[in-house]
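Dear colleague,

Please find below the structure that I am handing over to you. My findings follow directly after it, and I would be grateful if you read them with the structure open.

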Amino acid sequence: MSDLPPLAAAASRTDSSVLVCFVVDPRLEKSAGERRLAFLFDSLRELDDKLDGKLLVVRGRPEVEIPKLARAVDAERVHISEDFAPFGRRRDEAVADALGDIELVATGSPYLVSPGRVTKDDGEPYKVFTPYFKRWRDHGWRAPADSSVPAKKIVDPSELTKTGRIKIPKSPTGLSLPAGEDAALERWAEYVDDGLADYDSGRNDPAGDSTSRMSAYLKYGNIHPRTMAADLGKSGSAPRGAKERSDGASRGPQAYLRELAFRDFYADVLFHWPHSLWHNWNRQFDGIDLDTDKKAYERFDAWKAGRTGFPLVDAGMRQLAETGYMHNRVRMVTASFLVKDLHLPWWWGAEWFLEQLIDGDMASNNHGWQWAAGTGTDAAPYFRVFNPEAQAKKFDPDGEYVRRWVGDVDADDYPEPMVDHKAEREEALRRFGQI
């Protein structure tokens with residue numbers, strides 16, 4: 001297992017042994033979509049195989065199960081990767097309280113730079129990405145950690161009694177990509193060799209899809225972003241904040257590094273403004289007029305089904321429904337259509353995406369939706385309205401992506417456009433203008 005700081009910390013003492021465990025929280029089982037659960041369970045199965053069956057999996061509330069296990073093995077401390085989201089912070093505080101004299105040690109995080117580390121000179125958090133990104137690069141990060149642990153140091157849970165051990169649940173659905181560390185490392189190595197150099201020039205082409213598809217692996221900790229950043233450095237970018245090369249080389253790695261920074265930025269925003277998970281980061285827009293009547297729900301259902309009459313929007317929604325993935329450029333177009341053309345609440349779309357996506361990350365997903373809605377941290381927000389037809393001409397000029405997911409848009413059963421984009425754009429601007 002590569003670059004897992006909590007495991008390395010737990011095994012750092014020469015005389016220590018380590019019980020590796022995962023708590024399946026019923027609250028998260030209930031709220032996660034089938035694809036996210038499937039990726040989680042598949043990841044756990046691969047981890048258990050790597051540990052020769054020594055992964056202990058239990059189901060229950062962590063503040064109940066973790067102290068029970070810690071006392072069962074007479075643990076001196078419990079090691080975790082620090083969680084910065086509102087739910088995770090509350091959960092970990094509850095676990096720490098329940099552990100009593102047993103120390104809960106948070107080591108590392110799933111980010112290149114943990115939330116709260118990058119601030120302005122006066123200690124205030126950044127509200128805009130670009131200055132955050134500059135300071136983030138200057139801050140830098142550590143090299144990947146060696147978290148390999150000798151098999152003899154891993155406690156075999158089958159030798160323990162009263163642990164409440166369960167079998168790793170069956171995956172509730174099939175997935176369009178394999179889960180686990182080996183799959184993540186293999187996919188990343190292939191991308192570095194064959195796709196990374198063209199990332200900057202091709203990342204907005206949904207038909208070519210030159211993106212890495214690493215988001216799910218990052219979401220579930222199958223790979224640490226430091227491992228990826230180390231390879232970006234080999235390709236000419238600057239993992240420790242060095243300046244971009246003056247000859248313009250390595251734009252692919254630089255552009256990719258910027259996307260990893262966006263992931264850290266949105267986690268940082270959520271850390272400092274927990275309300276922004278399901279409410280507008282910019283509270284100025286809380287009073288905007290939104291449609292929530294019966295007809296609004298009918299329009300929402302048409303959007304979910306990919307039956308809006310706008311081919312690029314429909315292609316994206318059908319790709320999402322079939323595969324649990326949508327190209328990022330199309331995510332922006334479909335999100336803009338929901339909030340600016342249909343005038344529906346952004347959190348309706350955010351919740352649907354989380355239900356369908358394999359890579360559904362709360363901070364990135366929900367703040368990306370607010371970027372589209374114009375209620376988030378973006379410096380030039382509400383007046384940006386994507387024209388789905390213009391976007392299709394620019395990014396899918398030959399219609400390859402649309403044909404792949406929609407088929408013949410001239411067919412008799414393809415719907416007419418459900419709205420007049422020009423009129424709805426003006427209506428969206430009118431509503432924002434009232435605020």
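Helix α15 passes helix α16 in a right-handed crossing. In this predicted model, α15 covers residues 346–356 and α16 covers residues 362–373. The two helices pack at an angle of about 145°, and their axes lie 9 Å apart. On the side of α15, the contact is made by Trp346, Gly349, Ala350, Phe353 and Leu354. From α16, the residues Met362, Asn365, Asn366, Trp369, Gln370 and Ala373 take part. Sorted by class, this contact has 7 nonpolar and 4 polar residues, with no charged residues.

The largest cavity has a volume of about 50 Å³. Its lining is formed by Leu177, Arg213, Ser215, Ala216, Gly324, Tyr325, Ile358 and Asp359. Of the residues that line the largest cavity, 4 are nonpolar, 2 are polar and 2 are charged.

Is glycine 202 buried or exposed? Glycine 202 counts as buried because its relative accessibility is 17%, and buried means under 20%. Glycine 202 and glutamate 355 are 153 residues apart along the chain, and their C-alpha atoms are separated by 28 Å.

Yours sincerely

Terms used. Residues are numbered from 1 along each chain as its sequence is written. This is a predicted model: local features need pLDDT of at least 70, side-chain atom pairs count only at pLDDT 80 or more; totals for chains, interfaces and linings use all residues. Side-chain values use heavy atoms; hydrogens and water are left out. Buried means under 20% relative accessible area, exposed over 50%, partly exposed in between (1.4 Å probe, protein chains only). On a 1 Å grid over the protein atoms alone, a cavity is a set of points where a 1.4 Å probe fits but cannot get out, and a pocket is an open set with protein on both sides within 12 Å along at least five of seven lines; lining residues have an atom within 4 Å of a point. Grid points are joined across faces, edges and corners, and a volume is the space filled by probe spheres set on the points. Ala, Val, Leu, Ile, Met, Phe, Trp, Tyr, Cys and Pro count as nonpolar, Asp, Glu, Lys and Arg as charged, and the others, Gly among them, as polar. Axes are lines fitted to C-alpha atoms, for helices over the stretch in contact, and angles run from 0 to 180 degrees between N-to-C directions. Helices (H or I, at least four residues) and strands (E, at least two) are DSSP runs, numbered from the N terminus. A crossing is left-handed if the near helix is turned anticlockwise from the far one by less than a right angle, and right-handed if clockwise. Contact means heavy atoms within 4.5 Å.
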